Every structure is written in C-alpha cells, then in structure tokens.
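You asked me to look over this one with you.

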Amino acid sequence: SEELAVRDDRRFRQGLRLSRLPHHKTLDEYDFSFQPDLEPRKVKDLATLSFVDGKANAALLGPPGVGKTHIAVALAVAACRAGYSIYFTSLDDMVRNLKAAETAGRLTNKLGTYLRPSVLVVDEVGYQPLERAEANLVFQVISKRYEKGSIILTSNKTFSEWGQVFGDEVLATAILDRLLHHCEVISINGPSYRLKNRLKAIERENDVA
C-alpha cells in the first residue's frame, strides 16, 4: 500500500506539472466569508467531482477578482488528485494557439491538446471579443468535447452577453447549447479579493505615513 501511495503521489505531481495550472490553490484556501452571497455547499458539491464523472461542465461567473480562477484551479487540482488528466488555458491563449496551428496546417493535431484531457479549464471567457473565425475554433473544441469530457470555465460575462463575446449570436447559441446541456453554474457577485488586499495595503501605507 505504501508503494501504491508513492506511485499515486508521483502520478499526481506529474499531472500537475503537465496541467499548466497557474498555481495549485485548494478550496481550503478560499475565503468564503468574503463572499457571503456564495453558498459554500454549492462549491463543495462540485468538489465531489460527480460532474467530472458524468462528463458534465461547470461554469463560474462573476466580475474580476471574486475568486473564480481560484475555485476552477482548486477543482482541477482535486480532479488531478482523483486520477483525471487536466489542462488549463485562458480562452485567448487557446484561440491564439489554434489559429497558429490552423495557419501551419496542424489544426487537428493541436485540437488534441484541448480534447484529450478529462478536464479542460478555460479561464477568462469574455475579456476580449473574438472574431467569427476565432469563435468557430472555440465551437470546435466545445462541440468535440460535448459529453466526452468536462470543461470548467470562468467568465466575467453573463451568458446573455456571449453573443457580443463571440461576435455572432447563432454561434454563441450553438456553443451555449452544448456547454449548458449538462452544466453546474455558480454566479459570484461579491467584492474583489484583489481590491480588498490592495486597499488594505494602501491603508497600512497611510497609517505608516
């Protein structure tokens, strides 16, 4: 059993190394008290990973700084610990890489990067509007992963605003149709953690002055 535990830990560390996660924060490090409108139970239900077992999706919506990426990463770390393969990307990076691959005639090969993992984390959906050709590349990833693997995404836009994000209402509807068919949605509409920490630092500086 000790040998199994060592092997399991090695696999977990290797999975994290390949995941491209920006950090390895857990849910224990998330300050739920700062987001009173967010029910911890909803997030903890996601942490059971039943949505990953069912090849369903999770969407975390809210303004910048509320901890969407923290929760997405924590869920991915938990999935990796449970033996699932994971991969993290921002939407912009994914689109840029797919466009470059398409230009070089290697699109099918590059799509595999985003189709192979059991869990794909797509961060920052909606920060930059996409052109129609770019939105079509996103549609290919979403539709090919549909009911075959899980997506965890974060967005600062409501779903009603996705037509503007993807530059095409019909394409946005097609993406949402597949994404939301099996999806847990959590909206976080509280204050910004980053701003809170910055304001504290300013207050400290003023106290010193």
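1. Which element gives the most to the lining of the second largest pocket? Keep in mind that this is a predicted model. The element to look for is α1, with 3 residues in that lining. At least two residues each come from α1 (2-19) and β2 (86-90).

2. Let's stay with that second largest pocket. Its space comes to about 170 Å³.

3. Now for the largest pocket, which holds about 320 Å³ of space. It has 19 lining residues, and nearest its centre you'll find Gly-65, Gly-67, Lys-68, His-70 and Arg-194. Two or more lining residues come from each of α4 (68-81), β3 (119-125) and α10 (193-208). As for class, the lining of the largest pocket splits into 7 charged, 7 polar and 5 nonpolar residues.

4. The largest cavity has a volume of about 70 Å³. Around the largest cavity sit Leu-91, Met-94, Val-122, Val-125, Val-138, Ile-142, Ile-151, Leu-153, Trp-162, Phe-166 and Ile-175. The elements giving two or more of the lining residues are α5 (91-103), β3, α7 (132-145) and β4 (150-155). How does this lining divide by class? It has 11 nonpolar residues, no polar ones and no charged ones.

5. With 14 residues at 1.5 Å a residue, α4 should span 20 Å, and its end C-alpha atoms are 20 Å apart, so the two agree. Is α4 mostly covered or mostly open? Mostly covered: 11 of its 14 residues are buried. Among the buried ones are Lys-68 and His-70, and both of these also belong to the residues nearest the centre of the largest pocket. Other buried residues of α4 include Ile-71, Val-73, Leu-75 and Val-77. The buried residues of α4 pack against α1, α2 (40-46), β1, β2, β3 and β4.

6. Follow the chain out of α4. Ala-82 sits in the loop between α4 and β2. Ala-82 counts as exposed because its relative accessible area is 51%, over the 50% cut-off. Ala-82 and Pro-117 are 35 residues apart along the chain, and their C-alpha atoms are separated by 14 Å.

7. Two backbone angles deserve a second look. In general, most residues other than glycine have a negative phi. Lys-55, though not a glycine, has a positive phi near 55 degrees. Lys-55 lies in the loop between α3 (50-53) and β1 (57-61), and at 39% relative accessibility it is partly exposed. Glu-147 also has a positive phi, about 60 degrees. Find Glu-147 in the loop between α7 and β4, where its relative accessibility of 43% makes it partly exposed.

8. How many disulfides does the structure hold? The count is 0. If you'd like to look at cysteines anyway, Cys-80 is buried, with a relative accessible area of 1%, and Cys-183 is partly exposed at 21%. Why does Cys-183 not count as buried? Its 21% is the reason, because buried means under 20%.

9. Ser-90 is buried, with a relative accessible area of 12%. Leaving aside residues up to four places away in sequence, Ser-90 touches Asp-123 and Glu-124.

How values were computed:
Residues are numbered from 1 along each chain as its sequence is written. This is a predicted model: local features need pLDDT of at least 70, side-chain atom pairs count only at pLDDT 80 or more; totals for chains, interfaces and linings use all residues. Side-chain values use heavy atoms; hydrogens and water are left out. On a 1 Å grid over the protein atoms alone, a cavity is a set of points where a 1.4 Å probe fits but cannot get out, and a pocket is an open set with protein on both sides within 12 Å along at least five of seven lines; lining residues have an atom within 4 Å of a point. Grid points are joined across faces, edges and corners, and a volume is the space filled by probe spheres set on the points. Helices (H or I, at least four residues) and strands (E, at least two) are DSSP runs, numbered from the N terminus. Ala, Val, Leu, Ile, Met, Phe, Trp, Tyr, Cys and Pro count as nonpolar, Asp, Glu, Lys and Arg as charged, and the others, Gly among them, as polar. A disulfide is a pair of cysteine sulfur atoms within 2.5 Å. Buried means under 20% relative accessible area, exposed over 50%, partly exposed in between (1.4 Å probe, protein chains only). The expected span of a helix is 1.5 Å times one less than its number of residues. Contact means heavy atoms within 4.5 Å.
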